[in-house]
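Let's take a walk through a protein fold together. Please have a look at the picture first, and then read on.

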Amino acid sequence: MLTIREIKQRTESFFAEKGVPNPKLDADLLIAHSLGIKRLEIYLEMERPLTEPELNKLRPLVQRRAKREPLQYITGSVEFAGMELRVDARALIPRPETEEFFELVCHKMSKLPESILDLGTGTGALAIALASKFPIAAVNAVDLSPEALSLAKENAETTGFEERINFFESSWYESIPEDEQYDLIIANPPYLTEKEMTTAEPEVGTYEPHIALVSGFDGLKDLRIIITEAPEYLRPGGILALETGISQKAELNQLAKSAGFTGECLQDLRGHTRFYFCK
């Protein structure tokens with residue numbers, strides 16, 4: 001019988017051969033997930049032999065990761081803003097940068113918002129986190145994908161926010177009544193170009209939904225719509241908050257100016273100009 005140590009070493013080597021970016025971490029996380037234990041416990045039980053049923057549970061997970069399927073899709077969950085959310089191929093995986101974005105948005109709000117619109121909600125991560133942060137706010141969340149909406153609703157239910165968030169299918173503002181206005185409109189829309197997608201890692205290019213990633217030849221198709229139409233739906237003093245591409249600052253400044261906004265581009269923790277705010 002093979003021990004956890006031996007399986008860990010073999011899995012790490014296999015992942016390295018297949019080009020998996022973080023072979024050691026991913027091996028640890030998959031072994032822990034398959035055994036139903038925490039990662040730290042692996043190191044406390046390194047000489048524990050694994051039974052054949054345990055190996056049979058682990059092997060298909062290892063094969064999936066070796067084919068570069070995202071780890072989060074395999075384990076079925078991701079942590080976001082202190083909450084565990086379900087993730088699968090129905091929606092884009094929430095990134096650490098998006099959690100940075102959420103924290104920055106909360107810091108930027110000079111007063112508690114009473115109404116929030118989350119455009120392109122995906123897993124529902126931002127809508128749920130904002131509903132948790134601002135308990136008096138009415139939150140509407142939209143997505144063009146019915147599959148993504150079903151996942152977002154599941155996450156709202158498991159986190160206890162199903163009564164706080166209204167989810168509905170819409171292409172950006174298309175289904176929003178014209179007389180509705182919001183203190184905060186937030187979006188993490190598609191912003192990659194078709195060219196950028198050709199060089200994306202397999203985890204992104206092969207497995208994550210294309211519709212949530214690519215936005216026309218220049219990556220700005222959806223951001224143009226969101227910024228141009230935002231004045232109709234943003235209350236005076238409200239904020240439009242966007243997660244964007246890291247090289248789109250000049251174009252975003254022009255779009256914001258044309259829409260009558262004052263725009264501000266802020267950096268993420270790695271120094272990339274990723275977040276854009278309009279007032």
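A word before we start: the model is predicted.

**Helix 1 and its two partners**

In general, two packed helices are described by the angle between their axes and the distance between the axes.

| Pair | Angle between axes | Axis distance |
|---|---|---|
| Helix 1 (residues 4–17) and helix 2 (residues 23–35) | roughly 130 degrees | within 8 Å |
| Helix 1 and helix 4 (residues 52–66) | about 20 degrees | 10 Å |

Helix 1 and helix 2 are oblique to each other. Helix 1 passes helix 2 in a right-handed crossing, and its crossing with helix 4 is right-handed too.

Which residues of helix 1 meet helix 2? From helix 1 come Ile4, Ile7, Lys8, Thr11, Glu12, Phe15 and Ala16.

On the helix 4 side, Ile7, Thr11, Phe14 and Phe15 of helix 1 meet Leu55, Leu58, Val62, Gln63, Arg65 and Ala66. The contact of helix 1 with helix 4 has seven nonpolar, two polar and one charged residues.

**The sheet**

Now for the strands. Strands of a sheet pair through backbone hydrogen bonds, either parallel or antiparallel. Here, seven strands form an open sheet in the order 5-4-3-6-7-9-8, with mixed pairing. Which strands stand at the edges? They are strand 5 (165–169) and strand 8 (263–267); each has a single partner strand, so one side of each is left without a neighbour in the sheet. Direction ignored, neighbouring strands are turned by 20 degrees against each other on average.

Strand 3 and strand 4 pair in the parallel sense over five bridges, and Leu117 has Asn140 in strand 4 as its bridge partner. Strand 7 (residues 234–243) and strand 9 (residues 273–278) pair in the antiparallel sense over four bridges. There, Leu242 has Tyr276 in strand 9 as its bridge partner.

Helices pack on the sheet as well. Helix 8 (residues 146–159) touches strand 4 (138–143) and strand 5, and its direction makes about 170 degrees with that of strand 5. Helix 11 (residues 221–229) lies across strand 3 (115–119), strand 6 (182–187) and strand 7, running at about 170 degrees to strand 7. Strand 4 is mostly covered, with five of its six residues buried.

**A closer look at Tyr182**

Let's finish with one residue. Tyr182 sits in strand 6. Is Tyr182 buried or exposed? Its relative accessibility is 3%. Buried means under 20% relative accessible area, so Tyr182 counts as buried.

What does Tyr182 contact, leaving aside its neighbours within four places in sequence? Its contacts are Ser115, Ile116, Leu117, Asn140, Ile176, Tyr233, Leu234 and Arg235. Tyr182 and Val139 are 43 residues apart in sequence, while their C-alpha atoms are 9.3 Å apart in space.

How values were computed. Residues are numbered from 1 along each chain as its sequence is written. This is a predicted model: local features need pLDDT of at least 70, side-chain atom pairs count only at pLDDT 80 or more; totals for chains, interfaces and linings use all residues. Side-chain values use heavy atoms; hydrogens and water are left out. Axes are lines fitted to C-alpha atoms, for helices over the stretch in contact, and angles run from 0 to 180 degrees between N-to-C directions. Helices (H or I, at least four residues) and strands (E, at least two) are DSSP runs, numbered from the N terminus. Angles under 35 degrees count as roughly parallel, over 145 as roughly antiparallel, 65 to 115 as roughly perpendicular and the rest as oblique. A crossing is left-handed if the near helix is turned anticlockwise from the far one by less than a right angle, and right-handed if clockwise. Contact means heavy atoms within 4.5 Å. Ala, Val, Leu, Ile, Met, Phe, Trp, Tyr, Cys and Pro count as nonpolar, Asp, Glu, Lys and Arg as charged, and the others, Gly among them, as polar. Two strands pair if DSSP finds at least two bridges between them. Buried means under 20% relative accessible area, exposed over 50%, partly exposed in between (1.4 Å probe, protein chains only).
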